[in-house]
Amino acid sequence: MQASVDTASPSGGETILQVSSVNRRFRATKALNDLSLNIPKGQIVGLLGRNGAGKSTLLRIVGGMLKPNQGEVTIDGEKVYDHARALGKLCMIGDTPDFGSLSKIGDLFYVCRGLFPNWNETYARELISRFELPLNKRMKTFSRGMQTGLMLSVGLASGAELTVYDEPSLGLDAVMRERFYDLLVDEKQRYPGRTFLLSTHLIDEVARVLDYSVLIDAGHLLCAGTVSELQRGYLSVSGEPEVVRELTAGLTTLKEEELAGTLVRHVKLNAQADQIRIEADSRVRTAPVNLQRLFVFLTEEEEAERHATNA
Amino acid sequence: MQQTLDRSWWQSARFSGVLRYHWKALGKTVSIVLLVLFAAQMATLIFPMISDNPYPYSGVYADLSITMIFALVCSCIAAGKGTRFLLRFGTSRVSVWLGNLVGLFAGMVAFLLGTLVLSILLGGAVLGLANALPDTFKVKTLFGDTQVTALFKNSLSESLHNLPAYILYTLEWTCLFYLLGTCLRRNRAITLTVILGVPMLLMMLTLIPAVRQAADVVQNANNSQMMLLGVQWMKYLVDFANFVEHEWPTIQLLAALVSLPLSYLCMRDTAQP
């Protein structure tokens, strides 16, 4: 399961972002605790975790806004904090839209042309119409959803090698969120070299677009890997309650749901043979455990371990 | 996508983006404030026409005092809101610091020159109105019997002569105000405590013993001793005032030069939201 806790090279590909033994404290609170991870190049990566898991702190360090107390963050092998070459490859879109003293979208795009060497003005204007944003209104009068849509457009049109979104869907309605995820996939297909790192706690929603996921909790890495790598070792089994119980006896149950006489059990497999045995039985249906369910299980397991250690 | 390896430091550091930000943000503020000043000055031309009072004309000048106030406000905004906006995209601190200073220098010099141009326009309007409507628009120069045309010409030539020094002052004070802005951004409470507290502390430390000593002398001394003390005090104050007056350009220049690296060091370790 600890697919890429070994930070050498996730999924065998090139690494764009490397986080090595990073610690960050805010007075008595330890926001990041010896966190190490690698982000593969050319992928849509989800940084998943609960509220307060340390996602935003990590992203602020990646964006050079915060200095780690210990450890190092590099982009393409170059240190990030206050290093122009590494930061030049990055476009950071924070969770709170900020336009400085600029008032109109045109002004923001004018500045972006200077900030991002690969800025695509035509695409940016196209995105504005996709997000249904008025060009001539003052940005401060936009609703929160419109402001978020604008910042998401800036990230997509920036052409940056590594684009980081902190909670990208805050304030967006369901239609716009889906539109954004579609645009993200399109952009990655057009430019396979681009990497997108999305931090979110809305795991189910974002799971469909992710190539790679990093799960963190309480400031340290739970696990990292491609979605299928993470799902390996877990299975959802549904069917007649007694049959399901019989087939999954001896396995750890993540969650159990019973509806209209059908029992769905999400289980952790002990070995590959368990999966082969269950899937071979025609009385039940099987499916991979969804990412959110898996995340909840891993977090609870981690919490239980922590409490046991503390006790 | 363009290859990153080919990029110069300036491109990676996004320096042109920082300057573009200031062109839009500061450029707009400079234009609006100059426009408001121009409108206010033009409005004053109406009063002599609706009342019997003559228009008080003081000649052409670049307004250094208003430029200083404007520089203080703009430096604090650039060090706060502007810096936060630029850093949040992942722009390097060196680039933001350098771009902020270049942008502020350009903006403040433009503003100073703008006040001079406004003053010339106002002078032109005063001369024009005084010639066209001699009965309704009377002008009184603030320098006695000097003619309006002569005052316009002399003050213009004097302003142009003083302009390089004014520009230097503007740049020096912009450096100092920018340092103040970065300190306020880092920790408002400590900065304000230092700015207000240190001069007060120095004054108290200097004045209290001196006042006590003077009080002792006044109680025990005769008239001639008191006269001597008074003279000594006057001499001390005059020497101090002369020193400050004589060395002020050097003090100001040194302070500005020292404030440049300090402002970078201050913003370098300031955590951004």
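**Questions on the two chains**

User: Leaving aside neighbours within four places in sequence, which residues is V148(B) in contact with?
Analyst: The model is a predicted one, so what follows describes that prediction. V148(B) lies in α6 of chain B, a helix that covers residues 148–186. Once its neighbours within four places in sequence are set aside, the contacts of V148(B) are with Y57(B), V126(B), L127(B), A130(B), V139(B) and T141(B).

User: Is V148(B) buried, exposed or partly exposed?
Analyst: A residue needs 20 or more other C-beta atoms within 10 Å to be buried, and 12 or fewer to be exposed. V148(B) has 18 C-beta neighbours inside 10 Å, and therefore counts as partly exposed.

User: How far apart in space are V148(B) and T191(B), C-alpha to C-alpha?
Analyst: In sequence, V148(B) and T191(B) are separated by 43 residues. In space, taken from C-alpha to C-alpha, the distance between V148(B) and T191(B) is 47 Å.

User: How does the radius of gyration of chain B stand against the globule rule?
Analyst: Chain B contains 8 helices and 2 strands, which follow one another along the sequence as α-α-α-β-α-α-β-α-α-α. Its C-alpha atoms fill a box of roughly 85 × 65 × 30 Å along the principal axes. For 273 residues the globule rule gives 19 Å, and chain B is well over that, so it is more spread out than a compact globule, with a radius of gyration of 25 Å.

User: What is the radius of gyration of chain A, and what would a compact globule have?
Analyst: Chain A has 11 helices and 14 strands, and its C-alpha atoms fill a box of roughly 65 × 45 × 35 Å along the principal axes. A compact globule of 311 residues would have a radius of gyration near 19 Å, and the value for chain A agrees with this, being 21 Å.

User: What percentage of the residues of chain A count as buried, and what percentage of those of chain B?
Analyst: Each percentage is taken over the whole of its own chain, which is 311 residues for chain A and 273 residues for chain B. The part that counts as buried is 44% in chain A and, in chain B, 27%.

User: At what angle do α2(B) and α5(B) pack, and are they roughly parallel or antiparallel?
Analyst: The axes of α2(B) and α5(B) lie 9 Å apart, and the angle between them is about 25 degrees. Angles under 35 degrees count as roughly parallel. The crossing of the two helices is right-handed, and their angle makes α2(B) and α5(B) roughly parallel.

User: How do the residues of the contact of α2(B) with α5(B) divide by class?
Analyst: Residues of α2(B), among them F15(B), L26(B) and F38(B), meet residues of α5(B) that include V96(B), F111(B) and L122(B). By class, this contact of α2(B) with α5(B) has 15 nonpolar, 7 polar and no charged residues.

User: Are α4(A) and α5(A) roughly parallel or antiparallel to each other?
Analyst: In chain A, the axes of α4 (residues 121–130) and α5 (residues 144–157) come within 9 Å and cross at roughly 150 degrees. Angles over 145 degrees count as roughly antiparallel. The crossing of α4(A) and α5(A) is right-handed, and the two helices are therefore roughly antiparallel.

User: Which elements do the buried residues of α3(A) pack against?
Analyst: The buried residues of α3(A) are I105(A), D107(A), L108(A), F109(A), V111(A), C112(A) and L115(A). These buried residues pack against elements of both chains, namely α4 and α5 of chain A together with α2 of chain B.

User: Which element supplies the largest share of the side of chain A that touches chain B?
Analyst: The contact between the chains takes 32 residues from chain A and 34 residues from chain B. On the side of chain A, α2, β6 and α3 each supply at least two residues. The largest share, 5 residues, comes from α3(A).

User: Where is R14(B), and is it buried or exposed?
Analyst: R14(B) has a positive phi of about 60 degrees although it is not a glycine. Its place is the loop between α1 and α2 of chain B. With 28 C-beta neighbours inside 10 Å, R14(B) counts as buried.

Methods: Residues are numbered from 1 along each chain as its sequence is written. Chains are lettered from A and ligands numbered from 1 in the order in which they are written. This is a predicted model: local features need pLDDT of at least 70, side-chain atom pairs count only at pLDDT 80 or more; totals for chains, interfaces and linings use all residues. Two residues are in contact if their C-beta atoms, placed from the backbone, lie within 7 Å. Helices (H or I, at least four residues) and strands (E, at least two) are DSSP runs, numbered from the N terminus. Axes are lines fitted to C-alpha atoms, for helices over the stretch in contact, and angles run from 0 to 180 degrees between N-to-C directions. Angles under 35 degrees count as roughly parallel, over 145 as roughly antiparallel, 65 to 115 as roughly perpendicular and the rest as oblique. A crossing is left-handed if the near helix is turned anticlockwise from the far one by less than a right angle, and right-handed if clockwise. The radius of gyration is taken over C-alpha atoms; the globule rule is 2.2 Å times the number of residues to the power 0.38. Ala, Val, Leu, Ile, Met, Phe, Trp, Tyr, Cys and Pro count as nonpolar, Asp, Glu, Lys and Arg as charged, and the others, Gly among them, as polar.
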